[in-house]
Amino acid sequence: MGSFTQNGASDQVDEAQDPLDKHEAGDDDADAYTVQDFGVWRVLLGREPSAPFGLGVLLDKWGSVTAAYPLLLRFFLEIYTLDPHMVLLYMFLMLWEGTDSVLRLYVSSQLLKIIEKGLREGRPDTRAVVQAVLARIAFLTFSAVAHWIRGHLSARLQSRVERHFEDFLLRAELRHDMPTFQDNASKSQASASDAWGAFEGLCEAAQRLFGVASQLVFISQQESGGPVFTLLAVVRPVLTGLTFRPLWMKPHVVHSENVSYRRMRSVKAMAAAKYRGDIILGNIVGWMSNEFRRARDALGNLSSKHVSYLYVLNRTPLLDITNNWAGELPTLYWLLHAMLHPERFSVTSIALLQQYATSLNFALQRIFFITALVSKRVADVRILYDAEHVRNQMVDGDTAYPRDASDAKGMDIEIEDVSFAYPETKAKDSALHGVSLHIPAGALAVVVGANGSGKSTLIKLIARMYDPDAGALRLDGLPIARYRLADVRRAQAVLAQDHQLFPLTLGENIGLGFLEHMDDAEMVLAAAADGGAAALLEKFADGPRTELAPVTTAYGVNLNDEKHKALKGVLRKLEKTAEVSGGEKQRLVAARTFMRIRSGNIKLLCVDEPSSALDPQGEFDLFERLRATAEGKTMIFVTHRFGHLTKHADVIICMKEGQVAESGTHKELIARSGEYARLYNVQARAFSEAGPAEQVAKPISS
Ligand SMILES: Nc1ncnc2c1ncn2[C@@H]1O[C@H](COP(=O)(O)OP(=O)(O)OP(=O)(O)O)[C@@H](O)[C@H]1O
């Protein structure tokens with residue numbers, strides 16, 4: 001018999017053959033990759049240009065950097081215009097810090113030379129020593145001050161840049177229509193912090209390049225340095241840099257196939273607060289401990305250290321040996337030089353040569369590291385700007401709605417042979433197929449039908465959240481897609497079952513229905529009363545100014561000591577969230593719709609079962625007020641309850657399996673004894689079979 005569990009974690013350290021193995025690199029497969037295991041990790045390594053010592057990769061990356069020049073120019077100009085003075089000063093200080101090493105070398109070489117001269121002549125030149133020491137102190141002081149100023153500038157500039165790109169990304173994302181938003185491929189992977197990372201990283205790369213260039217020039221011109229020494233000192237860092245190919249620089253995918261490791265992780269995840277109730281009630285504490293221990297024992301010595309670390313361990317020691325030998329070249333040069341020109345040699349020159357070699361080695365190694373990062377920074381900038389090129393899948397129209405200033409208060413809706421499947425279920429079952437119906441302006445339509453029959457989908461198409469795949473949907477005689485989307489939205493109010501409360505005040509949550517009067521306290525309170533939320537507002541001390549779920553910024557650190565009880569108390573009171581019940585939330589959302597109806601622009605009101613959590617009286621009151629407030633406008637109510645609404649309906653549309661099963665008035669549909677009558681009778685029977693008390697709520701009779 002099959003099992004649902006990954007049982008026997010202990011005997012499953014060795015896993016079955018990975019099905020991905022068969023994708024191993026083939027010569028003609030552009031996307032090929034190879035599979036390697038490191039500890040508990042399986043790494044799929046993408047193919048890269050093969051070149052000796054990674055030189056090809058390096059050139060390739062620089063190529064991509066130069067190709068991105070126009071984009072980088074835009075990026076820097078955009079940041080520059082945020083605060084030109086601050087940006088220029090920041091960049092100047094960055095470059096200045098780049099010369100830090102060469103200035104350090106210069107100052108200490110001067111000091112060493114003066115000391116040596118003093119030692120040789122038997123009497124130190126006090127004046128020169130004092131001057132050199134003062135120069136060194138001045139340089140160190142200036143350096144520290146420059147660093148301090150840059151730290152301050154960096155904190156401000158970073159926030160400025162991040163906010164600027166947060167705004168950019170927010171605008172790019174907010175303009176997406178529903179299908180685009182739901183399409184994962186259109187989601188930007190960029191973040192505002194990447195923007196700052198790119199700016200800072202690129203400035204740092206320039207700083208390092210400047211620093212290395214100045215060191216190379218300085219050292220090659222020194223008496224105790226020279227071009228040959230400079231060349232030899234460069235060999236080791238260049239070799240190390242070119243052979244430096246850590247995992248993070250390679251295109252790769254990491255995952256773990258190890259059942260024991262995965263089991264350990266999932267049991268550990270089960271300790272989270274949200275599972276605690278189920279764990280206690282299910283009495284599975286003992287099982288969890290045993291399972292964890294079994295998995296732990298099965299893993300034995302297999303390493304689960306970060307895969308980057310394990311990857312580096314895997315490389316041949318020959319590279320390290322060669323690099324270390326290359327590092328000895330400057331020493332060999334000194335020895336040779338000392339043997340050939342013993343008169344030119346001194347302790348100072350040896351100290352200086354050593355300093356030069358160390359400094360160059362460090363600076364050049366940093367350059368290779370930074371170079372690897374530069375191409376990532378450039379890619380980040382590209383991804384950032386790509387966010388604005390995502391095209392909406394729905395095309396906006398250019399006709400104003402309404403087309404004329406007619407007195408018609410309602411919206412005429414014609415649907416002809418419409419079919420539609422949700423983007424993520426394309427090619428599978430359609431949510432609607434061959435739907436045709438007509439709701440005249442000012443009519444009250446009630447849509448009924450079983451779960452999943454397509455009622456909400458119909459509303460979503462009328463509200464142009466999606467476009468039909470086939471057929472025509474006309475508003476006031478013109479295809480909906482011909483109208484400007486913003487105009488259509490302004491003329492519609494949709495109250496559905498899945499609205500959310502925003503992390504704003506209660507008043508704002510209502511006021512958002514009519515932006516121009518959002519701060520009109522009187523109007524907000526009146527809308528709250530219509531939505532049945534007036535009593536709720538009074539419940540909170542801050543009334544409409546209450547924030548239910550304030551944005552949380554507060555946190556405390558190291559407050560466990562008794563001494564910090566007061567601070568802990570303050571933290572507990574800060575940014576406290578408040579709760580409302582499901583029914584109260586629906587009342588607040590309904591109040592927002594009443595606010596929207598008050599805008600005076602509404603020609604269509606769609607109400608899609610917004611009352612699932614309301615008590616019967618609340619639901620009755622809500623529907624009555626909605627009908628009264630939207631009198632004369634077209635109204636579409638989606639409901640499962642056959643009650644007072646169907647009595648008032650001009651047309652009832654009965655949906656079944658994505659199609660209109662039938663439509664007509666209540667009387668007509670009951671007389672037809674079709675799907676509507678069947679659904680109606682299911683409810684009616686429940687009432688007629690119940691006792692007399694329940695019969696009070698009996699549905700309307702035919
Ligand atoms: N966002 C979505 N993505 C994919 N399929 C969806 C989505 N929303 C609805 N569907 C599917 O479309 C079909 C019609 O759903 P719809 O929500 O219109 O039904 P409904 O009649 O309003 O149902 P209910 O009475 O349960 O609210 C269902 O098969 C449903 O699973």
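Trainee: Where is the place of Ala630?

Mentor: Ala630 sits in the loop between helix H23 (616-629) and strand S11 (634-638). Helices (H or I, at least four residues) and strands (E, at least two) are DSSP runs, numbered from the N terminus. Residues are numbered from 1 along each chain as its sequence is written. Keep in mind that this is a predicted model: local features need pLDDT of at least 70, side-chain atom pairs count only at pLDDT 80 or more, and totals for chains, interfaces and linings use all residues.

Trainee: Is Ala630 buried or exposed?

Mentor: Ala630 is buried, with 22 other C-beta atoms within 10 Å. A residue is buried if 20 or more other C-beta atoms lie within 10 Å of its own, exposed if 12 or fewer, and partly exposed in between, with C-beta atoms placed from the backbone.

Trainee: Which residues is Ala630 in contact with, leaving aside neighbours within four places in sequence?

Mentor: Ile597, Leu605 and Met635. Two residues are in contact if their C-beta atoms, placed from the backbone, lie within 7 Å.

Trainee: New topic. Which residues of H4 are buried?

Mentor: In H4 (residues 100-121), the buried ones are Val102, Leu105, Ser109 and Ile114. Seen down the axis of H4, they fall within an arc of 160°, so they line one face of the helix. The arc is that of the directions from the helix axis to the C-beta atoms.

Trainee: What covers them?

Mentor: The cover over the buried residues of H4 includes helix H5 (126-174), H7 and H15. Just after H4, Gly122 takes a positive phi of about 80°.

Trainee: And H8, where does it bend?

Mentor: At Val235, by about 30°, and a proline, Pro237, follows within four residues. The bend at a residue is the angle between axes fitted to the seven residues ending there and the seven starting there.

Trainee: What do the buried residues of H8 pack against?

Mentor: They pack against helix H7 (192-221), helix H13 (317-327), helix H14 (329-340) and helix H15 (347-386). Among those buried residues are Phe229, Arg236 and Pro237.

Trainee: Last one, the ligand. Which residues come nearest?

Mentor: Of the 12 residues around the ligand, Tyr422, Ala431, Asn451, Ser456 and Thr457 come nearest. A residue counts as near a molecule or strand if its C-beta atom, placed from the backbone, lies within 6 Å of it. Helix H16 (residues 455-462) gives the most to the shell around the ligand, with three residues.

Notes: The expected span of a helix is 1.5 Å times one less than its number of residues.
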